[in-house]
Amino acid sequence: MAAPADRLRPVVKFSGQGIRFDDDDSTQTRPLLSRMLTYPIGIFHHQLRRRLGVGKPQVPRRQQSFSRDFGHAAAETFLITRLSFTLLRSLGVGYRWVVRLTALAVYAILLMPGFLQVMYDYYFSSQVRRDIIYGTQPRNSLDLYLPTNTDKKKPVVIFVSGGAWIIGNKAWGALLGLQLAERDVIVASIDYRNFPQGTISDMVKDVSQGISFVCKNIADYGGDLDRIFLMGQSAGAHISVCALLDQAIKEARKGESVDWSVSQIKAYFGLSGGYNLWKLVDHFDSRGLYRSVFLSIMEGEESLSQFSPEIRIQDPSVSDVVSSLPPFVLFHGTGDYSIPFDASETFVETLRKVGAQADLFLYEGKTHTDLFLQDPFRGGNYELFDQIVAILHAGDEEALAKDSMAPPKPRLVPEVLIRLARMVSPF
């Protein structure tokens with residue numbers, strides 16, 4: 001069962017001086033704050049790229065017709081289903097996979113009232129700009145969630161979804177994007193190639209290219225270039241940190257050309273992420289992401305250190321990049337069985353040891369999906385969301401005053417279904 005509301009507060013904070021977001025001023029902040037089957041939309045998106053072109057900022061357009069949106073959704077659903085079965089054949093359907101897929105199906109059915117409402121808004125809301133192309137590879141597209149209020153520049157969150165490096169999709173950011181847009185925040189949810197269409201280096205490259213596109217073009221949509229935040233959830237937290245660290249290293253090597261700069265990222269938010277792959281291989285294997293598959297995703301055991309930010313940041317050869325990194329703010333539930341919370345604990349300790357600015361907030365009893373799905377589906381005010389918004393609007397008294405008057409979010413799923421879903425969740 002879900003933890004009582006009074007136990008949602010962070011119980012651990014590794015911070016001595018709070019979080020610095022400005023060059024000149026420092027403030028002491030208060031505590032801050034999936035896996036439905038999906039897969040590449042390769043052919044459809046490839047055709048879409050040829051029609052629209054690549055890399056061009058696309059101005060807001062009139063909402064598509066119902067029939068076109070319905071056809072788009074049907075085409076994606078068909079491809080997702082077919083490619084999901086292809087994925088299962090490549091993984092092998094063992095006992096643990098059958099059990100987890102069954103649990104996932106039941107979990108999704110129980111939360112379907114919420115998913116349906118979010119899907120409707122995702123496809124038909126005038127605030128959503130879907131499938132903006134940022135690169136030439138399959139799935140190189142992103143979704144934008146735009147506030148209705150356009151009176152001044154808005155803070156921007158670049159979001160990278162999770163999905164075990166296999167079933168991630170930009171649409172997983174729809175609930176977060178819609179809710180932040182209501183608070184005058186622009187959200188760019190980046191899609192990227194998943195395994196087996198790509199391996200970890202492809203994912204990192206895609207995300208980095210998506211970040212570059214946002215940094216170059218978000219001003220055309222009303223974004224504030226001085227308030228761009230990077231956020232990842234689960235596998236997306238891992239991929240986005242790898243992209244951030246790779247970029248910092250490139251910048252330190254004067255001869256390499258760069259498309260964007262880590263100095264453009266005001267802060268990094270990591271939700272329920274894993275940052276040391278060596279510590280997760282056996283854990284994932286025991287939970288159904290078999291060792292052979294995981295090593296294939298990560299390009300072999302010899303690459304685990306390269307794609308483990310916790311290890312890489314300790315390499316003396318990259319010590320000069322630490323000062324260029326933005327503040328790190330990590331969030332994790334202590335009831336997370338998919339990625340144990342000590343993954344965030346040790347990463348924060350390592351970051352602080354090498355001189356980076358990092359904070360960690362643990363939420364007692366919260367699982368891998370509580371903070372990202374179940375709590376938002378409950379509606380009302382949940383602490384993680386409110387505290388993220390407080391950071392995004394730090395220094396903007398007008399926005400903070402508006403936030404304090406915002407009505408509670410509506411409940412999307414009855415409590416009994418949320419509790420049942422939590423009991424059967426495979427995460």
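Analyst: Helices (H or I, at least four residues) and strands (E, at least two) are DSSP runs, numbered from the N terminus. This is a predicted model, where local features need pLDDT of at least 70, side-chain atom pairs count only at pLDDT 80 or more, and totals for chains, interfaces and linings use all residues. Residues are numbered from 1 along each chain as its sequence is written, and side-chain values use heavy atoms, with hydrogens and water left out.

User: Okay, so how does helix 12 pass helix 15?

Analyst: In a left-handed crossing. The axes of helix 12 (residues 370-378) and helix 15 (residues 415-424) come within 9 Å and cross at roughly 165°. Axes are lines fitted to C-alpha atoms, for helices over the stretch in contact, and angles run from 0 to 180 degrees between N-to-C directions.

User: What does that make helix 12 relative to helix 15?

Analyst: Roughly antiparallel. Angles under 35 degrees count as roughly parallel, over 145 as roughly antiparallel, 65 to 115 as roughly perpendicular and the rest as oblique.

User: Which residues meet there?

Analyst: From helix 12, Asp 370, Gln 374, Phe 377 and Arg 378; they meet Glu 415, Ile 418 and Arg 422 in helix 15. Contact means heavy atoms within 4.5 Å.

User: New topic: at what angle do helix 4 and helix 5 pack?

Analyst: About 65°, with the axes of helix 4 (residues 112-124) and helix 5 (residues 174-182) 10 Å apart. That makes helix 4 roughly perpendicular to helix 5. Val 118, Asp 121 and Tyr 122 of helix 4 make the contact with Ala 174, Leu 175 and Leu 178 of helix 5.

User: How many residues of helix 5 are buried?

Analyst: Eight of its nine, so helix 5 is mostly covered. Buried means under 20% relative accessible area, exposed over 50%, partly exposed in between (1.4 Å probe, protein chains only). Gly 177 and Gln 179 are among the buried ones.

User: And the sheet, what order are the strands in?

Analyst: The order is 1-2-4-3-5-6-7-8, eight strands in an open sheet with mixed pairing. Two strands pair if DSSP finds at least two bridges between them. Strand 1 (128-133) and strand 8 (358-363) are the edges, each pairing on one side only.

User: In which sense do strand 3 and strand 4 pair?

Analyst: Parallel, over five bridges. Val 156 stands opposite Ile 186 in strand 4.

Key:
Left-handed = near helix turned anticlockwise from the far one by under 90°.
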